[in-house]
Amino acid sequence: MADTLAPRAVIGVMTPAMNTVVQPELELLRPDGVTNQMQRFRLGGDNISDDLPDEAAKLMDCKPSAIAVGLTTDAGPGGPGKLKVRCDEMAKQVGVAVLGASGADYQALRALDAKRVGIVTPFNAKMDAVVKANTEAAGFEVVAIKGTQAPSLPEICETPLGDIRDVFAQVATSDCDAILQVGTALPVVALIAELEQAHGKPIVACNAAVYWRTLRAIGITDPVLGFGKLLEQH
């Protein structure tokens with residue numbers, strides 16, 4: 001029997017326990033007939049999170065069609081590749097597609113035919129250098145990168161919107177094809193349309209990208225209006 005509130009699909013969403021941004025941002029993007037069902041995990045351990053397999057198994061009780069992992073790992077050496085391995089392992093375990101935000105970012109940039117990329121992060125210059133290296137290893141040229149320099153992971157969620165706008169404005173002055181935002185605790189989704197209009201460049205916000213990739217993976221191709229070119233046209 002179809003889920004009364006989700007006749008089209010239930011999407012499982014996993015995010016770090018301290019992250020208060022992924023859940024409300026993905027709710028903004030939800031098409032009619034789809035619900036998002038949350039599960040949280042703690043970061044740490046050699047495999048990104050020791051909690052992930054057990055928490056994913058609990059999430060499967062609500063029978064999601066796929067799982068979106070609201071986490072980017074770009075600030076760690078080889079982080080996006082490690083997240084992909086973890087997601088692939090979980091997909092075999094639970095029997096549905098499991099999509100991480102870092103890989104979804106790269107797929108979104110390719111969908112937009114972006115080769116020269118500007119990047120906005122919540123990090124400091126040292127961590128930005130790792131983000132840049134990971135993005136270049138994925139095949140993109142990074143022409144600008146700037147972070148909001150949040151002092152801790154929990155404080156990323158508290159970044160003022162004005163600070164986010166300022167960093168985007170700095171990155172947008174570069175000769176980039178698109179602007180990528182990493183760090184799923186940085187609140188950007190509600191700003192995407194405004195930023196695209198202001199700067200004339202497509203914005204790939206990581207939370208929007210992972211939700212876009214998850215919808216498309218389960219065959220839901222509806223344009224999601226009001227949140228930028230990626231969700232409206234791809």
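1. A residue counts as buried when its relative accessible area is under 20%. By that cut-off, buried residues make up 53% of the 234 residues in the protein chain. Note that this is a predicted model.

2. Overall dimensions come next. The radius of gyration of the protein chain is 17 Å. A compact globule with 234 residues would have a value near 17 Å, so the two agree. Along the principal axes, the C-alpha atoms fill a box of roughly 50 × 40 × 30 Å.

3. The secondary structure of the protein chain consists of ten helices and eight strands. As for contacts with a separation of 6 or more, 75% join residues 24 or more positions apart.

4. One helix pair deserves a look. Two packed helices are described by the angle between their axes and the distance between the axes. Helix α7 spans residues 161–172, and helix α8 spans residues 192–199. They pack at an angle of about 35°. Their axes lie 11 Å apart. The crossing of α7 and α8 is right-handed.

5. Which residues make the contact between these helices? From α7 come Arg165, Phe168, Ala169 and Ala172. From α8 come Glu194, Leu195 and His199. By class, the residues of the contact of α7 with α8 divide into four nonpolar, one polar and two charged.

Methods:
Residues are numbered from 1 along each chain as its sequence is written. This is a predicted model: local features need pLDDT of at least 70, side-chain atom pairs count only at pLDDT 80 or more; totals for chains, interfaces and linings use all residues. Side-chain values use heavy atoms; hydrogens and water are left out. Axes are lines fitted to C-alpha atoms, for helices over the stretch in contact, and angles run from 0 to 180 degrees between N-to-C directions. Helices (H or I, at least four residues) and strands (E, at least two) are DSSP runs, numbered from the N terminus. A crossing is left-handed if the near helix is turned anticlockwise from the far one by less than a right angle, and right-handed if clockwise. Contact means heavy atoms within 4.5 Å. Ala, Val, Leu, Ile, Met, Phe, Trp, Tyr, Cys and Pro count as nonpolar, Asp, Glu, Lys and Arg as charged, and the others, Gly among them, as polar. The radius of gyration is taken over C-alpha atoms; the globule rule is 2.2 Å times the number of residues to the power 0.38. Buried means under 20% relative accessible area, exposed over 50%, partly exposed in between (1.4 Å probe, protein chains only).
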